[in-house]
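Open the model in your viewer and show it as a cartoon. The tour below goes from one selection to the next and says what is there at each stop.

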Amino acid sequence: MVQCPDRIIASMDTGVDDALALAYLLGSADECELGGVIASYGNVDANTAYANTCAVLDLFGRADIPVFLGSEHPSWADAFIPDAGCAQFHGDDGLGNTRLAGSGALTDGAGVPGDDMSGDDMSGDDMSGDDMSGDDMSGDDMSGDDMSGDDMSVDVPDEVVSVGGYLAGDVHAHPALGACSRVNRSRSVGHPQSTMPTALASGGKRRCSVDAADGIEYLIEQVREFGRDVTVLATGPLTDVDAAITRAPDIASKLRLVMMGGTLTQPGNCWDAVAETNIIQDPEAANRVFHSGADITMVGLDVTHQCLLPQSAADRWRATGTKRGRFLADLADFSIKANLEADPALFSGGMPLHDPLAAAVALDSSLVDCFDLALRAETNTGDFNGVRGRTTGDPVGLVNHSMPHVHVALGVDSERFLDEFVERMAEVCR
């Protein structure tokens, strides 16, 4: 009997490592049928993620794969502004400043909050626990009154604005340069409104969605049709998955999800060094998904920081002499440099393959060893609450053994994964 390839539906905030994961999936055609990609906010705004996704698929000759627009902001906010930290690790276009999708949604700005993002501004002094008190993250502080245009140098009255997962007025909220002019108004995925992303305006050769709700509906339809024979791969915030479960609760028990995000045994990678980036973007959504009853595998920093792509891999891809090879090498070069500058001790061996590892686990779960536990994402900061965005065991699960459990990856066969990844990407370069 011929075994059918795994069917994958991806939700991506397409930045550098998302693009590498996407190329890896395209190079795994014998094992994987990529049914579609939902482009969401996160590393960049949703429209940029959409354009980047289409550009990568086109580069690798897969314009036939549909791309949908997903969530444009977290479930707790009305609007989203990309964060300077993400721009540091992904470039202002999300693809290591390769400009594969054109100029990208982010443009050089002047007088924008975040212009003073020098190394001094990113020091540990700005990231102390005192700055993350519960009062700063309370519901009262998230009111529309606190989000005036004067605070943001952009007219967003009566809206709650997320800056890379932090409330706009929070000390950790550092917008990427030029991002404020691109702030997305409250166009909820629950209330669709037609749009025409720039990636669609030119050729029309791609069969893509132009409806804000279509990505969520597509996810629902796929899970209803295929059940756990389709894997939802989420490499960005869990807002898309949460929106789908909220709209169609019947899919939760049928949903198989492999997600990149969170950390259980290691520090986080956000400003406060506690939360992981994909979780801090929408902790409320993550917490709901963790408790939904879906079959979830969490591929977090516990394992991705053990999978470092060396410079030699980028050099090998570049040596192919193809446009694809140069693109993948440019992505790797950018990320290797950014990570090395951020933490020379941790990333001296190369860039962490966050999203590519999650993609590989979606195809081969034997790459990781998991610990199953009831999991929660903290949604508040303060005494007896914890720190917003942190992923930790849910203590209720200690006494209520029927609570849903998440497979948390704590061990990884990094050598096998890296060998397979580098080789498969070399093949896809040709």
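Start by selecting Thr 231, which stands opposite Arg 256 in strand S8. This is a predicted model.

**Stop 1: strand S7 and its partners**

S7 and S8 pair in the parallel sense, over four bridges.

Show the side chains of S7. In a regular strand, side chains alternate between the two faces of the sheet. Because five of the five residues of S7 are buried, the strand is largely enclosed by the rest of the structure.

**Stop 2: from S7 to S8 through a helix**

Select helix H6, residues 239-247. Together with S7 and S8, H6 makes a right-handed β-α-β unit.

**Stop 3: the eight-stranded sheet**

Next, select the strands in the order S3-S2-S1-S7-S8-S9-S15-S12. These eight strands form an open sheet with mixed pairing. Which strands lie at the edges? They are S3 (67-69) and S12 (368-373), each of which pairs on one side only. From one strand to the next, the twist averages 25 degrees.

S12 pairs with S15 (residues 406-412) in the antiparallel sense, over six bridges. To find a facing pair, select Phe 371, which stands opposite Val 408 in S15.

**Stop 4: Thr 297**

Select Thr 297, which is in strand S9. Thr 297 has 13% relative accessibility, so it counts as buried; the cut-off for buried is under 20%. What is Thr 297 in contact with, leaving aside its neighbours within four places in sequence? The contacts are Leu 257, Val 258, Met 259, Val 361, Cys 370 and His 407.

**Stop 5: a pair of helices**

Two packed helices are described by the angle between their axes and the distance between the axes. Select helix H1 (residues 16-26) and helix H2 (residues 46-59). They pack at an angle of about 35 degrees, with their axes 10 Å apart. The crossing of H1 and H2 is right-handed.

Show the side chains where the two helices meet. H1 supplies Ala 19, Leu 22 and Leu 26, and H2 supplies Thr 53, Val 56 and Leu 57. By class, this contact of H1 with H2 has five nonpolar residues, one polar residue and no charged residues.

**Stop 6: the three-stranded sheet**

Finally, select strands S4, S5 and S6, which form an open sheet in that order. The pairing is mixed. S4 (79-81) and S6 (166-167) are the edge strands, each pairing on one side only. S4 and S5 (residues 161-163) run parallel and are joined by three bridges. End the tour on Ala 79, which stands opposite Val 161 in S5.

Notes:
Residues numbered from 1 in each chain as written. Predicted model: local features only at pLDDT ≥ 70, side-chain atom pairs only at ≥ 80, totals over all residues. Heavy atoms only, no water. Pairing = 2+ DSSP bridges. Axes fitted to C-alpha atoms, helices over the stretch in contact; angles between N-to-C directions. Left-handed = near helix turned anticlockwise from the far one by under 90°. Contact = heavy atoms within 4.5 Å. Nonpolar A, V, L, I, M, F, W, Y, C, P; charged D, E, K, R; others polar. Buried < 20%, exposed > 50% of the residue type's maximum accessible area, 1.4 Å probe, protein only. Right-handed = clockwise from strand over helix to strand, strands pointing away.
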